[in-house]
Structures are given as structure tokens and as C-alpha cells.
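Subject: Structure handover

Hello,

Please find the structure below. My notes on it come after.

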Amino acid sequence: MPGWLPRAMVMALALYGCFQLGSWAFYQLIGLLTNVLIAFFLALAIEPAVSRMAGRGMRRGLATFLVFLAVLVAAVGFVLLLGSMLAGQIVDMVEEFPKYLDSVINWVNQTFRTELSRVEVQDSLLHSDWLQKYVQNSATGVLDVSTTVLGGLFRLLMIFLFSFYFAADGPRLRRALCSVLPPSRQTEVLRAWEIAVDKTGGYIYSRGLMALISGAAHYVLLLALGVPYAPALAVWVGLVSQFIPTIGTYLAGALPMLIAFTVNPWYALWVLGFVVVYQQFENYVLQPKLTSKTVDIHPAVAFGSVVAGTALMGAVGALIAIPAVATLQAFLGAYVKRYDVTDDPRVQGGRLSRRGEPVPSRIRRALRARGGDDAGPAGGSR
């Protein structure tokens, strides 16, 4: 046996063990790493506001606290407003349920010539096996729901804590990162950090502006239809449709449709039609104009980045995909050398002739030649 073979085998086994240990540690810490990534992008989003307040003489920690306090107050107010609206609407629906049931039973009796009564239907529903099983499963699932809620609150607290430290100690974090890099690399890191702040802030700004426009448009519609809780529903539609990628539009439109259905079933169809039409207007008119000035990313690239982010990290990846891709695109664009485009008709969507001469040039040359032939005999006759 060669003398180097045992050492190579031991080294290979050690490398394989290290790889397995690293994979295990990565899968155990993937939740923490995801929370840190979300916190980092949240800190980048509030960085402009914090820096502006710190530039006016306020301590950076206090400025970060005030920004987070404003965000927290707005979020809690929105949840309380939406919760009170849903609670009141559920109470109204429960009180009006006998009327809805009577109307359905009357329609069934008239259509199918049956003799159903509300008392019989209620008794059959209350004593059905599937209802009893549903109540039992719901009772056993209360503990799981409570655990999920507590876990979500703990994760949210962790994200806010990390983002607070990232925003409050941003300069110190940049100095610590640059202290282990040579001066040439320090400039690139600081430039990438600045681009990330601009792109993330621009993304949040454009989304907030589109949420404001969407909420105002839906508020006018709901107010015209006489749907209750129009302001709260407009805020719901604006925020959910813009800050929940891919499925946010459908989630945002479902609640106004449900509330409108309790007023008049035809109003739900009006709301559905308006949501579809406004979504097309937003996708093809409003969003390209706003994102071109803030994020500067092609709509196809944005859509592909959202799909890729969803496949990699779920809803979190879909949320941070666009600012991440915009940051990467802007950073790489600073180092990619560009050249002047040649004057070729194929660049503008044209084509070359079989002889290699552009078709527009051949047409212009033929017209000039014909004009010269027509003018020649006329000049000779003079």
C-alpha cells in the first residue's frame, strides 16, 4: 500500500464529515438565516429615514426607535381597524343568516317543488356527523394554532430586533466589515451598500405609492356601491395587493367581494370586474412608469425574480426578490463595459436583404434613381 493512501483516506473521511456537519448546521439554522436576511432588507428600507433624522442632529438609536414606533403604530392600528370591521361584519352575517337560509330554501322549494323547512335543515345540520367531527378536530387543533401564533410572534420580534441593530449600528457595521478588507475592496463594498439602500428604498416607495393609488381607487368604488367599511377595505386592498407578491391581488379582492355580497350579490360581481380591470391598468401602465424611476428593472425580469424567489425561499423570497435583483443589476452595471450599437436595421427589428444591403437603403436608392430618370428627359426638352 502506498504511504500516502492512508493519509488521503483519512483526509477524505474528514472532509466528508465536515461537509455533513456543515449541511446539518445549515439546515438547523436556515430559519435564523432567513430572519436575518429579512431584517437586513427591512433595515435597508428604513435606512434613508434614519440617516435623514440622524443628519439633523438626532441620535441614530433614537431615530431608529422613532421610525420603528411609527411603523408599529400604523400596523397595530390597521390590524385593530380590520379586526373590528371583520368582527362587526361576522356578527351581522350571523344575525342575517336565518334570512339568507330562508331565501335559499324558498328558491329550492320553488325550483325543485320540494317542501323543505328551515327547522328541518337546521336540525339536520346540527346533528350531522361531519359537523361533530369538525368541532372535535377544531377543539384538538386549538393548541396547534396557539403554538403557531406564538411562534410567529417570536419570529416577528426577532426580525424587528435584528433590523433595529442593523439600522441603528449601520455605520459601525460598515466599519467592522471594511476593516477586514483592503482599501480597493472597501470602496466596492460601500458602493454596493449604497446601491442596496437606494434600490430597497425605491422599491418600498414605489409600492407605497401604488398602494395609495389602489386604495383610493377602490375606496371610490366601494363608496359608490354603498359597501360598509369602505375606508378599512380600501386600506386592506392597497396594502395586501402591493406588499404580498403573486397572490396579494386575489387575497385583497376576496374580502371586499365578500362584504359586497352581503349587501347585494351583484355588487360582488362589480367589485370583481373592477379588481380585474384595475390590475391590468396597474400591470401595464402604472407599475412600469413607477418602477422605472425607482427600481429600474424590466417587468419580465421582475416577474422572473419573484418566481425564482418563491421557489427558493417561499413568500419571503418573493418579497425581497425584486430589490435584491435590482441591487445586483445596478452593481454589475457599474462594472460591465458597454459599446456603441452598430447602425444595423436588425437592431430596430428590420432585416437585411439577400445581397447584404439593408432593405430601406435599397428602397431609397431605387426612388432616387427613378426620380433622376424622370427629371432627365424633362431637362433635355428644355
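The notes below go residue by residue.

This is a predicted model, in which local features need pLDDT of at least 70 and side-chain atom pairs count only at pLDDT 80 or more, while totals for chains, interfaces and linings use all residues. Residues are numbered from 1 along each chain as its sequence is written, and side-chain values use heavy atoms, with hydrogens and water left out.

Q242 lies in helix α8 (residues 230-243); helices are DSSP runs of H or I with at least four residues, numbered from the N terminus. The relative accessible area of Q242 is 2%, so Q242 is buried (buried is under 20%, exposed over 50%, partly exposed in between, with a 1.4 Å probe and protein chains only). The side chains of Q242 and R207 make a polar contact of 3.1 Å (N or O atoms within 3.5 Å; within protein, one must be able to donate a hydrogen and the other to accept it, and residues adjacent in sequence count only if both atoms are side-chain atoms). Leaving aside residues up to four places away in sequence, Q242 touches R207, M210, A211, S214 and E282, where contact means heavy atoms within 4.5 Å.

F65, in helix α2 (residues 60-112), is partly exposed at 45% relative accessible area. Its C-alpha is 9.2 Å from that of V50, 15 residues apart in sequence.

A192 belongs to helix α7 (residues 183-225) and is partly exposed at 22%.

Regards

Methods. Helices (H or I, at least four residues) and strands (E, at least two) are DSSP runs, numbered from the N terminus.
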